[in-house]
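Q: I have a model open and would like to go through it piece by piece. Could you take my questions as they come?

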Amino acid sequence: MIQTGDRFSARDLRQSVDEVVGAGLGAHIAHDKKGALFAVADIVFDMLECTPDGYATKMIECYDDIKSSAVNLDKQLRDNGYRTTYKFSYNYFVPGLTSDQIVRDAYRLEYFKNLSSMVRARAGHKKQFEQFFQDAFRVSYYYAQYLWACNPQVCSKLAQELTCPGYENWGQIIGAILGVGFKFHPNDVYEFAIRHINPELSSDAFKARYTEQLKFKDLLMTDYGVDTGCLVLSPESRDKLTRIVTHTDTPYLIQVLRRALGVKSH
């Protein structure tokens with residue numbers, strides 16, 4: 001298990017995830033007849049009767065037809081004849097890992113993040129119970145830090161927002177890991193992990209943000225036949241996508257020329 005101050009590799013990271021998964025948390029949880037019910041898509045299941053790997057499999061199967069909404073969006077635009085050098089997906093540098101591994105590991109860790117708010121310690125097991133979740137949280141953060149350290153130019157802003165996080169930020173950390181695994185653009189990972197699921201966001205503010213995203217998604221599908229999938233798009237991405245589908249973006253040949261000259265284009 002990686003400890004504070006350790007230098008570690010991707011192999012050490014994945015080994016630590018395996019250790020968390022295999023640590024036998026069940027022995028420290030108080031039995032509850034009500035279970036720990038969790039809903040994903042149209043399925044409701046008891047988290048205590050599901051393993052972390054089983055949970056990851058359920059989550060992945062929910063979106064098995066579209067492994068990355070960002071990659072799929074780029075493909076839709078090409079297939080529909082839109083010409084742009086811009087990509088809504090991003091190929092992160094993830095040495096020692098694959099995108100599929102990152103997504104599965106993120107969901108395995110998310111299992112414990114969700115379970116932590118559903119269960120309590122068995123009598124006499126409080127210390128082991130708390131230590132387990134501390135380890136799971138710490139490994140989640142190290143996982144995110146590894147990905148950010150490998151991609152400093154595009155992840156520095158995200159990393160700065162989650163410096164010294166607490167349990168309340170666990171969902172944001174998992175969201176950031178998933179964003180990299182699903183190859184979402186850095187702007188959109190930031191939008192989701194920092195702004196969209198921020199624990200300080202009020203219920204009304206979250207609903208407003210969600211409604212805004214859904215309205216844009218419905219508009220793109222209805223008017224242009226473009227499906228943004230599960231993407232939570234940043235204002236920059238929504239503006240860019242709007243210009244692409246309405247043919248008001250910078251002419252394609254100029255985009256190509258700018259790219260050839262190394263000129264940053266939005």
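Q: Where is the place of histidine 28?
A: Histidine 28 sits in the loop between H1 and S1, where helices (DSSP H or I runs of at least four residues) and strands (E runs of at least two) are numbered from the N terminus. Before going further, a caution: this is a predicted model, in which local features need pLDDT of at least 70, side-chain atom pairs count only at pLDDT 80 or more, and totals for chains, interfaces and linings use all residues. Residues are numbered from 1 along each chain as its sequence is written, and side-chain values use heavy atoms, with hydrogens and water left out.

Q: Okay, is histidine 28 buried or exposed?
A: Histidine 28 is buried, with a relative accessible area of 16%; buried means under 20% relative accessible area, exposed over 50%, and partly exposed in between, using a 1.4 Å probe and protein chains only.

Q: And which residues is histidine 28 in contact with?
A: Leaving aside neighbours within four places in sequence, histidine 28 is in contact with Arg120, Ala121, Arg122, His125, Gln128 and Phe129, where contact means heavy atoms within 4.5 Å. For one of these, alanine 121, the C-alpha atom is separated from that of histidine 28 by 5.8 Å, although the two residues are 93 apart along the chain.

Q: Let's zoom out. How many helices and strands does the protein chain have?
A: The protein chain has 11 helices and two strands, and read along the sequence they follow the pattern α-β-β-α-α-α-α-α-α-α-α-α-α. The radius of gyration is 20 Å, close to the 18 Å that the globule rule gives for 266 residues, so the protein chain is as compact as a globular protein of that length. That radius is taken over C-alpha atoms, and the globule rule is 2.2 Å times the number of residues to the power 0.38.

Q: What about the box that the C-alpha atoms fill, and what share of the residues count as buried?
A: Taken along the principal axes, the C-alpha atoms fill a box of roughly 70 × 40 × 30 Å, and 43% of the 266 residues count as buried. Among contacts between residues at least 6 apart in sequence, 72% join residues at least 24 apart.

Q: Back to the strands: in which sense do S1 and S2 pair?
A: Strand S1 (residues 37–40) and strand S2 (residues 43–46) pair in the antiparallel sense over four bridges, pairing being assigned if DSSP finds at least two bridges between two strands. Leucine 37 has aspartate 46 as its bridge partner in S2. The two strands form a hairpin with two residues between them, and alanine 41 in the turn has a positive phi of about 55°.

Q: Switching to helices, why is H8 described as largely enclosed by the rest of the structure?
A: Eight of the 11 residues of helix H8 (residues 186–196) are buried, so H8 is largely enclosed by the rest of the structure. Its buried residues are Pro186, Asp188, Val189, Tyr190, Glu191, Ala193, Ile194 and His196, and they pack against helix H6 (152–161), helix H7 (170–181), helix H9 (203–224) and helix H10 (235–245).

Q: Where does glutamine 172 lie, and what is it in contact with?
A: Glutamine 172 lies in helix H7 and, at 4% relative accessibility, counts as buried. Beyond its neighbours within four places in sequence, glutamine 172 is in contact with Leu162, Ala193, Ile194, Ile197, Asn198 and Pro199, and Ala193 and Ile194 are among the buried residues of H8.

Q: Backbone angles next: which phi do cysteine 164 and lysine 183 have?
A: Cysteine 164 has a positive phi of about 55° although it is not a glycine, and lysine 183, which is not a glycine either, has a positive phi of about 65°. Cysteine 164 is in the loop between H6 and H7 and counts as exposed at 71% relative accessibility. Lysine 183 is found in the loop between H7 and H8 and is partly exposed, with a relative accessible area of 27%.

Q: Last one: what does phenylalanine 8 touch?
A: Not counting residues up to four places away in sequence, phenylalanine 8 touches Ile2, Leu13, Tyr142 and Tyr146. Phenylalanine 8 lies in the segment before helix H1 (10–21), and its C-alpha atom is separated by 8.7 Å from that of tyrosine 146, 138 residues apart along the chain.
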